[in-house]
Amino acid sequence: MSSSAVSEFLKNAPRLSTSNAISLGNPAGDADSIVSAIALAYIDSTFQSQQPTKRVTPIVSIRHEDLKTQRPETKYLLQLAKIDLDDLFAVDNPDLPPKTSVTLVDHNCLTLNKPEWTVTSILDHHLDEGNHMDTCEERNIAFDSSTSSALVASTCTLMVERFPASEMFPPSLAILLLGVILLDSVNLSPKAGKVTPRDETAVDTLLSRTDWSSLDLPAEVLLPPDNGSQGKPDTSRLFDALQNQKFNPDFWNSLSLLQALKLDYKSFGIEPHGTFGISSVLQTMPEFLSRHALLDFLSEEEGQSFFENLEMLGVMFFSVINDTRQRQMVLVGKDGQLLDNIVKSFTEDGFLQSRVLEKTSKNDLHMVCLEQGNSKASRKQVAPLLMKYFKQQVQSSL
């Protein structure tokens, strides 16, 4: 199979405005969302479509310029796969089809205001929010709601499982999937608490069912040449290269406060109405807050437009210092009692092992800074805790 199969697939895309099927990742537009959308489109168009005229077109779920300037690890991975960024369509493209069939990947609720888009398939590993039940023909959500735990570390693992067992992986697809699974599972580290047996099997499958010799990967991600690997990637070297791109302090320090908050941001609906949001930032909380006056910003026009419709904003901080994983969290809201109640619910639940470091108020806004003892708990676990809290408040008021 051609080493540039995915690149050729993207270059030969039909007109976007007439596309009758698309794949779309979550609005945060991380590597998993972008790559799983590409992989789903390639796999289904190449192997699974029963309709010769049906071709799935992947849509990057962030602005095209943001892909180029604010996703360094994803950009690096796409370069390894020899993919031209200009061959990708993004959500800000003016030619998005007015009506189409949608496969959601890495999330399970369509947030774009596209009333004529119909969600027919979902492949995800987050809490099922129960949307699109009447239109979804396929609903593969690898998440155990009873334990608030994902059954795979990455949606890209679901893409490996979707690929035909009788086929060899094109190297350009394999390096994309491999890189994201390593990122999302922290290089298959049990200590990080994300990897599952399905992720490990997916990595073994990619390594064994790919002819790596035709991809011409750079030496920095390859196994040593003296072991007869023939261009095979070294998983640790590949992970380190991607991780260095993702955590690069020069990159994070170059961002404005709004860019940092929006870079990896997800919003969550609260029944019967309302929304809260969580941003993920790859810095320590003290480092971030020393550079950014968060409460001042959220009180100004630019910050208000980002924050005004939220019941609460959470900012989750993650860093690795001397091989030790650290997490902190900031909660911001207009109702100080609400924040106190949320913190109390975290304490009573015990899962996050959280403790309050500081509480402050300014400009009619309130902020609580928390240390998170459970460094394995990411947004994937924190969001369901918050949704559970808000649901209980609604039920208690009935």
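Colleague: Which backbone oxygen does the side chain of Arg-327 reach at 3.3 Å?

Modeller: That is the backbone oxygen of Ala-377. Bear in mind that this is a predicted model. A polar atom of the Arg-327 side chain also lies 2.7 Å from the backbone oxygen of Ser-375.

Colleague: Where is Arg-327 found?

Modeller: In strand S12, which covers residues 324-333.

Colleague: And is Arg-327 buried or exposed?

Modeller: Buried, and without a salt bridge. Asp-264 is the nearest side chain of opposite charge, and it is 8.9 Å away.

Colleague: Different topic. How many cavities of 30 Å³ or more does the structure hold?

Modeller: One. The largest cavity has about 40 Å³ of space.

Colleague: What lines the largest cavity?

Modeller: Phe-9, Leu-10, Ala-13, Arg-55, Pro-58, Asp-87, Leu-88 and Phe-89. By class, that lining has six nonpolar residues, two charged and no polar ones.

Colleague: Now the backbone. What is the phi of Leu-188?

Modeller: Positive, at about 60 degrees, although Leu-188 is not a glycine. Most residues other than glycine have a negative phi. Leu-188 sits in the loop between helix H6 (171-184) and helix H7 (197-208), and is partly exposed at 23% relative accessible area.

Colleague: What about Asp-216, buried or exposed?

Modeller: Exposed, with 64% relative accessibility. Asp-216 also has a positive phi of about 60 degrees, and its place is the loop between H7 and helix H8 (235-247).

Key:
Residues numbered from 1 in each chain as written. Predicted model: local features only at pLDDT ≥ 70, side-chain atom pairs only at ≥ 80, totals over all residues. Heavy atoms only, no water. 1 Å grid on protein atoms, 1.4 Å probe; cavity = no way out; pocket = protein on both sides within 12 Å on 5 of 7 lines; lining within 4 Å. Points joined across faces, edges and corners; volume = space filled by probe spheres on them. Nonpolar A, V, L, I, M, F, W, Y, C, P; charged D, E, K, R; others polar. Helix = DSSP H or I, 4+ residues; strand = E, 2+ residues; numbered from the N terminus. Buried < 20%, exposed > 50% of the residue type's maximum accessible area, 1.4 Å probe, protein only. Lys, Arg positive; Asp, Glu negative; His and termini not counted. Salt bridge = Lys/Arg side-chain N within 4 Å of Asp/Glu carboxyl O. Polar contact = N/O pair within 3.5 Å; in protein donor to acceptor, adjacent residues only side chain to side chain.
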